[in-house]
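Here is a friendly walk through one protein model, written for someone who likes to know which residue sits where. Please keep the sequence and the 3D view open as you read.

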Amino acid sequence: STVNSIREGGGHSYDIEDHECVLVGYNRFLDKWKFRSIYPTVSDMLVDAGNKLYETWGRILQVIRTDDASDFLVINGWEDQPIDSHSGLVDNQRNFKGDPALIRTALEPLKPVVQPRGVVHKTGSIVLLDLFLLNETHCAVTGKLNLSITDPAGKETVLQDFSVPEFVENQFAYVIAEAVPSPTLAAEGYYTLHFALDGPTKAEGSTRIFVVDPSPRAGRGIRAGVAGDAKALAGLMSHNSIETEEFRPDRTYDIAILLSGGKDVHLWEQSATFAKLLDAVKAGMPLLVLAQDSAGADKAAKLLSDAGAFQYAGMVGESRGCWMGTWVFVKEHPVYGGLPSNQVMKWEYQVASEDASGLMVDGPGVEIIAGYGRDHDQNLGAATFTSQLGKGTIVFQTVRGMQPLLYERFIVNAMRFLAGS
């Protein structure tokens, strides 16, 4: 939309070439790695990334308003230079970066609020809900406040109703109830919590939560040899009982797992055991790479590229600053089964700007499942991808700061995908 705004204004701008280069890079990536069915245009993808920002602000604003002690909150509005166009709500051509309704609904003068204690939960759990009424209309309202929940199948269940509190002049936030338990969250997917004012004046607030099963039923057991800290892997798999041990060349495994951190990869690189691990992969043993930091992602990519698994042209680069941002966009694939896909990773994944890397990879056996971009860069890279080394399949994951339940589910999915179960 920035380029369109410049062209509509006559096409003259000192920075239009920079914007056009970014468009070329994004269009090439979306075409080559088959993301077009998700994002027909580059703007579609960037608006989706903008929605991550807007939805975050909407949630923050709503929570801030529930406390009358907070008088105001400042949001970065806009910048006038392209090099400064990072975290503002509009770009330097004054275009919205996402859907403004995601913020507007949080600012409605009369708004019932249902605030869950946590937005990601595992199946079988119960979430506690805090309920508020925000009234900045300076007028009293009457009626009932009705709480309900809609499950992933679309079934709505009425939970409770509450009386509207007595109006108090210069009070804008009213606590209706605290720690109200939800029903058991039995199914995976999105639940929508509704809190509605039913009376002469109507108003409604809603909030979504995401529910995931971190340990879906398995067809058979999987035995994994771990190159790296097997105890650290066990800490990531608290809801699963997958058999793991330190990788030994004389043992047979369903898959191998490389926990790749910058501090310890060089120790594996120099060992005879690592060479034998690569030999086992070439002979047909699948490999799951879990990068633990940026240096670990880069080092593992170089080692596997040298072994012939793919071509590696380096990293896109880390976030230039927390206010500048990065984004990971993921398409549907078995390794992301049961997790949000065909979108930019948003509040469900809780991936911060420094929690992923983009690897510029290519090769006949490469499939990019999740892409990575950053502010002011025409290059995109792979955040999650598959490749082949000899007869062995590799799943490479650079995203590491994921919400723990979702990260555990990803690991389970990837292990079962690789093991063919």
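This is a predicted model: local features need pLDDT of at least 70, side-chain atom pairs count only at pLDDT 80 or more; totals for chains, interfaces and linings use all residues.

Residues are numbered from 1 along each chain as its sequence is written, and side-chain values use heavy atoms, with hydrogens and water left out.

**The sheet**

Let us begin with an open sheet of 3 strands, in the order S1-S3-S6 and with antiparallel pairing. Strand S1 (110-116) and strand S6 (173-181) each have a single partner strand and stand at the edges, so one side of each has no neighbour in the sheet. From one strand to the next, the twist averages 15°. Strands here are DSSP runs of E with at least two residues, helices are runs of H or I with at least four residues, and both are numbered from the N terminus. Two strands pair if DSSP finds at least two bridges between them.

S1 and S3 run antiparallel and are joined by 7 bridges. One place to look is Pro112, whose bridge partner in S3 is Leu133. Strand S3 (residues 128-135) also pairs with S6 in the antiparallel sense, over 6 bridges. There, Leu134 has Ala173 in S6 as its bridge partner.

How many of the residues of S3 are buried? The count is 7 of its 8 residues, so S3 is mostly covered; buried means under 20% relative accessible area, exposed over 50%, and partly exposed in between, with a 1.4 Å probe and protein chains only.

**The helices**

Helix H3 (residues 42-65) lies across S1, S3 and S6, running at about 105° to S1. Axes are lines fitted to C-alpha atoms, for helices over the stretch in contact, and angles run from 0 to 180 degrees between N-to-C directions.

Within helix H3 you will find Asn51. Asn51 has 17% relative accessibility and so counts as buried. Leaving aside residues up to four places away in sequence, Asn51 touches Lys97, Gly98, Asp99, Leu102 and Lys346, where contact means heavy atoms within 4.5 Å.

H3 also packs against helix H2 (residues 16-32), at an angle of about 95° and with the axes 10 Å apart. H2 and H3 are therefore roughly perpendicular to each other; angles under 35 degrees count as roughly parallel, over 145 as roughly antiparallel, 65 to 115 as roughly perpendicular and the rest as oblique. From H2, Leu23, Tyr26, Asn27 and Leu30 meet Val42, Met45 and Leu46 of H3. The residues of this contact divide into 6 nonpolar, 1 polar and no charged. In this scheme Ala, Val, Leu, Ile, Met, Phe, Trp, Tyr, Cys and Pro count as nonpolar, Asp, Glu, Lys and Arg as charged, and the others, Gly among them, as polar.

**Aromatic pairs**

Rings of Phe, Tyr and Trp (its six-membered ring) pair if their centres lie within 6.5 Å; planes under 30 degrees apart count as stacked, over 60 as edge-to-face and the rest as tilted. By this rule there are 12 aromatic pairs. Two of them are set out here.

| Pair | Centres apart | Angle of planes | Kind |
|---|---|---|---|
| Phe162 and Phe195 | 6.1 Å | 80° | edge-to-face |
| Tyr336 and Tyr349 | 6.4 Å | 70° | edge-to-face |

Phe162 in strand S5 (residues 156-163) and Phe195 in strand S7 (residues 189-198) are 33 residues apart, so to speak a link between distant parts of the chain. Phe162 is buried at a relative accessible area of 12%, and Phe195 is buried at 0%. Tyr336 is buried too, at 2%, and Tyr349 counts as buried at 0% relative accessibility. Ring pairs also link Phe29, Phe35, Tyr39 and Phe329 into a cluster.

**A residue in S18**

Finally, turn to Ala382 in strand S18 (residues 381-389). Is Ala382 buried or exposed? At 0% relative accessibility, Ala382 counts as buried. Among the residues that Ala382 touches, not counting those up to four places away in sequence, are Ser357, Leu359, Ile368 and Thr398.
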